[in-house]
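Here are my notes on this one, point by point. Have the model open while you read.

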Amino acid sequence: MKEISVHSGKEAFFSYYSTLEEKLQQGDYYYAFAFQSEYQSEEVRQFLKDFHQRLAVKKIDDRAIFNTTIESLAKQTYGDNQNIRLRFKDVKIPVGLVVTKDSLLQLGWQPEPFIVEIKNSVLLEHYHNFFLENWNTNEAIEFARQALARFNLSSPQESLQKINNLQDNHAAQMVADSIEAVEESWAHKHESKEKEFGQKLIGETIKLWSVPRTTAELLEFFVVATGSKKILEIGTSAGFSTLYLAMGASYTGGEVFTIENLAPKIQFAKDNFQKSGLDNIRLMEGEAVSLLDNNALHDIDLVFLDADKENYGKYFDLLIPKLRKGGFVIADNVYDYGHMMKDYLDKVLGTKLPNSQSDKRVKSYTLPMDNGIIVTRKIEN
Ligand SMILES: C[S@@+](CC[C@H](N)C(=O)[O-])C[C@H]1O[C@@H](n2cnc3c(N)ncnc32)[C@H](O)[C@@H]1O
C-alpha cells in the first residue's frame with residue numbers, strides 16, 4: 001500500500017472526490033474539512049458546494065474549521081444549508097484537510113486543484129489528535145471521540161485532558177436529538193373542561209412546542225457565560241430546553257429546577273431526563289404558581305419562562321424577590337405571543353423615563369431570533 005499519493009489537476013481531483021463520496025455515503029468513514037485557501041476557482045467552489053450539500057442532506061457529519069479571513073465566503077456558500085454546521089476558528093491551516101477513517105487528505109487549489117493522500121499511520125494519528133484538540137467544543141470533541149472509537153482508534157487521553165472541564169454530555173445530546181425527531185408526531189388529546197393555556201377548546205390536541213434548537217443552544221451558552229448555578233425553568237414539556245440548560249449547568253456545577261403540569265409530558269420528560277445521564281435536573285410537577293413557594297427557590301441565577309404566556313407578569317412579580325441581584329430572566333415568544341404577555345412587557349421593557357410603568361429594578365434586551373427572546377437582568381434589589 002502506498003503511504004502517500006498525489007492526485008493533481010481538476011480531473012483527478014473531481015474523480016478522487018467521486019470515489020470518496022461513495023465511501024462516505026456508506027457511512028464507513030468520517031469526514032471533516034478545514035479550509036484556508038479554498039475556492040480559488042469558481043468551478044471547484046461549485047463542485048465542493050454541491051458535494052458538501054449532498055453529504056449533509058444525507059446527514060453525514062460535516063464540520064469545518066476556517067480561518068476567519070474566509071468566514072464570510074464560507075457563510076455565503078453554506079449558509080443556506082441547515083444541515084451543514086460551520087465552525088469558525090482562527091486556526092492557521094495551510095490547506096484544506098479531510099480526515100477519513102484511514103487516510104488524511106491535504107487539498108490545495110493553486111494553480112490547479114490537487115490532493116495529497118496520506119495513509120501513514122503516524123501522520124494519521126497526528127492529524128486525528130489535531131482535530132481532537134482544535135474542535136474545542138463539547139459536541140465536536142464527542143463526535144471525534146466516537147468516530148475514532150468506531151474505527152478502534154484510541155482517543156488520546158492527553159488531548160482530551162487539554163479541553164478544560166470536558167463534560168460527557170453525549171447521552172443528553174442524543175436525547176435532545178430524539179425529542180426533536182418526535183416533535184411533530186407527539187400529540188396528546190386533552191379533555192379538560194377548563195380553559196387553560198394552549199387548551200382553548202375542549203378536547204384540543206396538544207403538542208410538545210419545544211424551543212428551536214438555536215434558542216436551546218443560546219440557553220446553554222447563556223448558563224455557561226453567566227456562570228449560573230441555580231436555574232429555574234417554567235414549562236418543561238419533553239425537556240428539550242431543560243437538557244440544554246442542564247448541559248450548561250454541568251459546566252458551572254449548577255442545577256435546573258423545571259416545572260410542568262401536564263401528566264403525559266411529565267412522564268415523557270422523566271424518561272428523557274433518566275436517559276440523558278444528567279443528574280442535575282429537578283422536575284417539579286404541578287401548577288407553576290403554587291410550586292414557586294418551594295424553599296429551594298431562592299437566590300436564583302437564571303429563570304427561563306416558557307409556559308403560559310398570560311401569566312409571565314405574575315411569575316415576574318413572584319420571582320423577582322427570589323432572583324439574586326445580577327440574575328437573569330429569559331422569556332420566550334415575544335414575537336408570536338407578545339399580545340398575551342402585555343403586562344410582562346410593560347414591566348420589563350419600558351423606558352427609564354419618569355412616567356414609564358417599567359420596573360426600575362430590571363433592564364432588558366430583546367434578542368431578535370427565533371420566536372423573540374427577552375433577556376432581563378435584575379440590577380437592583
Ligand atoms: C412551550 S412548552 C415548553 C417547551 C420547553 N420549554 C422546551 O423548549 O422544550 C410549555 C409547557 O408549559 C406547560 N405549562 C403551561 N402552563 C403551565 C402552568 N401553569 N404550570 C406548569 N406548566 C405549565 C405546558 O403544559 C407545556 O408543556
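1. Start with helix 7 (residues 170–182): at 1.5 Å a residue, its 13 residues should span 18 Å, and the end C-alpha atoms sit 19 Å apart, which agrees. The expected span is 1.5 Å times one less than the number of residues. Helices here are DSSP runs of H or I with at least four residues, strands are runs of E with at least two, and both are numbered from the N terminus.

2. Before going further: this is a predicted model, where local features need pLDDT of at least 70, side-chain atom pairs count only at pLDDT 80 or more, and totals for chains, interfaces and linings use all residues. Residue numbers run from 1 along each chain as its sequence is written.

3. Which residues of helix 7 are buried? They are Ala-172, Val-175, Ala-176 and Ile-179 (buried means 20 or more other C-beta atoms within 10 Å of the residue's own, exposed 12 or fewer, partly exposed in between, with C-beta atoms placed from the backbone). Seen down the axis of helix 7, the buried residues fall within an arc of 100 degrees, so they line one face; the arc is that of the directions from the helix axis to the C-beta atoms.

4. Turned away from that buried side, helix 7 carries the exposed residues Asp-177 and Ala-181. Its buried residues pack against helix 9 (240–252) and helix 10 (263–276), contact being C-beta atoms, placed from the backbone, within 7 Å.

5. Asn-169 is in the loop between helix 6 (157–162) and helix 7. Asn-169 is buried, with 24 other C-beta atoms within 10 Å.

How values were computed. Two residues are in contact if their C-beta atoms, placed from the backbone, lie within 7 Å.
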